[in-house]
Amino acid sequence: MRNLVITDRDVSGNLFNNSVIVNLNNITYSTCTGALECLKNNGICYFKDDMNLVSRWMNESQLIIYVTQVKYGCFDVKFKQMLERLVVNLEPYYTVVEGETCHLGVSQLNKKLIVIGYGEVSEQEKQVFEQLLEETTLGYAYTSVHAYFCQEDEIEDALQTFGGVDHD
Amino acid sequence: MTKILIIDGSLKHAHQFVEPFIQRLEVYLSPYAECVDTRVASSFDERTFFEYDQVILTFFNSLDCVPSSMLEIFQRLEGQMDHHPEIYALIACDEYEPEKCDLSEKVIQCWCKRENLEYQGALKIGSALFIMNTPAKFVVSNSIKSFAKNILKQETVNLKTTMLTERQFMKTSRHYWDKEIKKKKKHNRRKQSIKK
């Protein structure tokens, strides 16, 4: 597994020939309960659903592409619910990285993250979202994190730009 | 005398991490407010939101941001604002730095801006998993008291509190996780032996 595309809407499969595409509308997953039981249980989640596989793929991928609606400078609910389940990929103990305490990611494989955020997003919300990406990737070995914003009807055009980004 | 609503928007089982803070806040608010009601995200009826003068959004940060349960409430309330209560926030995170709650605050501000709500400020609590088991709990209580005073006076507020030192945080957190992991292993072993 090298590349992973996680999307909350349909995207053209032919744009990402070398990636596994996970459409959140086509998988089933429960909402994280936030009890942090997985951190106490060696990263084993209480729920047995599609997210067990997706969280493993997240660790193994070197290029991750998110296609998500952005609301209030944050991920949309469905996408956020998916991300919350990825807490299984964190170590329970804290480490100081760049002067801040954080949980380190279990996988320290070098990764690149591209986020295509769509929706009516103000300048302030864009800034907040970019800061959010910076913050959530702390503790993982992300070599680059990029966010691109577009309107919902422009998403196919935006994806055309990234088509082939997952090629060697 | 004002009507105050506290919404605990944490994920289902993360309520336990903010409950001690909410209980203290209620104690400081109750004698001076007309009513103080607390609701959790799962059973929150958005129609009641408009019956209050002040709303305090409380939650335990989830992946450095507002939890999905709180975002769901934001979406449910979207475009329904005929009454505009003042919005306060009590945000807790498990890391040492209360600044880790800043992003959540910004998301709340973005929501308030879209919905034309008056955002009045927040109390941010770091080291939330263990702080109430350390001497720093008195510091937290004082911060919550100041926060409550600001709410009752309808003033803007920006408060932060955490454990006394980072070194103490690292030590306490290590002890906490060691204990919890041990407890979980013991529980798993017992479960397996019952199965056999």
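Predicted model: local features only at pLDDT ≥ 70, side-chain atom pairs only at ≥ 80, totals over all residues.
**View 1. The parallel sheet of chain B.**
Six strands make an open sheet in chain B, ordered β2-β1-β3-β4-β5-β6, with parallel pairing. Strands β2 (35–40) and β6 (157–161) of chain B stand at the edges. Each has a single partner strand, so one side of each lacks a neighbour in the sheet. On average, neighbouring strands of this sheet are turned by 15° against each other, direction ignored. Strand β1 (residues 3–8) of chain B pairs with β2(B) in the parallel sense, over six bridges. In this pair, B:D8 stands opposite B:V40 of β2(B).

**View 2. Two helices on the sheet of chain B.**
Helix α1 (residues 15–29) of chain B packs on the sheet. This helix touches β1, β2, β3 (54–60), β4 (86–92) and β5 (118–125) of chain B. The direction of α1 makes about 170° with that of β1(B). Helix α4 (residues 137–152) of chain B packs on the sheet too, touching β3, β4, β5 and β6 of chain B. The direction of α4 makes about 170° with that of β6(B).

**View 3. Two domains of chain B.**
Seven residues from domain 1 of chain B and six residues from domain 2 of chain B form the contact. On the domain 1 side, five residues are nonpolar, two are polar and none is charged.

**View 4. Chain B against chain A.**
The contact between the chains takes 33 residues from chain B and 29 residues from chain A. On the chain B side, the elements giving two or more residues are α2 (68–77), α3 (102–115) and α5 (166–195) of chain B. Helix α5(B) gives the largest share of this side, seven residues. By class, the chain B side holds 17 nonpolar, six polar and ten charged residues.

Helix α3 (residues 77–84) of chain A meets α2(B) here. Their axes come within 9 Å and cross at roughly 170°. An angle over 145 degrees counts as roughly antiparallel, and α3(A) is therefore roughly antiparallel to α2(B). From α3(A), the contact uses A:V77, A:K80, A:Q81 and A:E84. From α2(B), it uses B:S68, B:L71, B:E72 and B:Q75. Two of the contact residues are nonpolar, three polar and three charged.

B:L103 lies in helix α3 of chain B. Burial requires 20 or more other C-beta atoms within 10 Å. B:L103 has 24, so this residue is buried. Which residues does B:L103 contact, leaving aside its neighbours within four places in sequence? From chain A, they are A:V128, A:Q131, A:L132 and A:E135. From chain B, they are B:D64 and B:C65. B:D64 is 39 residues from B:L103 in sequence, yet their C-alpha atoms are 7.2 Å apart.

**View 5. Strand β3 of chain A and its partners.**
Strand β3 (residues 63–71) of chain A has seven of its nine residues buried, so the rest of the structure largely encloses it. Strand β1 (residues 3–7) of chain A pairs with β3(A) in the parallel sense over five bridges. Here A:V5 has A:I65 as its bridge partner in β3(A). Strand β7 (residues 111–118) of chain A also runs parallel to β3(A), joined by seven bridges. A:L63 has A:K112 as its bridge partner in β7(A).

**View 6. The hairpin of β3 and β4 in chain A.**
Strand β4 (residues 74–75) of chain A pairs with β3(A) in the antiparallel sense, over two bridges. A:V70 stands opposite A:F75 of β4(A). Two residues lie between the strands of this hairpin, and A:Y72 takes a positive phi near 55°.

**View 7. Two loop residues of chain B with positive phi.**
Most residues other than glycine have a negative phi. B:S127 is not a glycine, but its phi is positive, about 55°. B:S127 sits in the loop between β5 and α4 of chain B. Is B:S127 buried or exposed? With 29 C-beta neighbours inside 10 Å, B:S127 counts as buried. B:Q154 is not a glycine either, and has a positive phi of about 60°. B:Q154 sits in the loop between α4 and β6 of chain B. B:Q154 is partly exposed, with 13 other C-beta atoms within 10 Å.

Note on methods: Residues numbered from 1 in each chain as written. Chains lettered and ligands numbered in written order. Pairing = 2+ DSSP bridges. Helix = DSSP H or I, 4+ residues; strand = E, 2+ residues; numbered from the N terminus. Axes fitted to C-alpha atoms, helices over the stretch in contact; angles between N-to-C directions. Nonpolar A, V, L, I, M, F, W, Y, C, P; charged D, E, K, R; others polar. Parallel < 35°, antiparallel > 145°, perpendicular 65-115°, else oblique. Buried ≥ 20, exposed ≤ 12 C-beta atoms within 10 Å, placed from the backbone.
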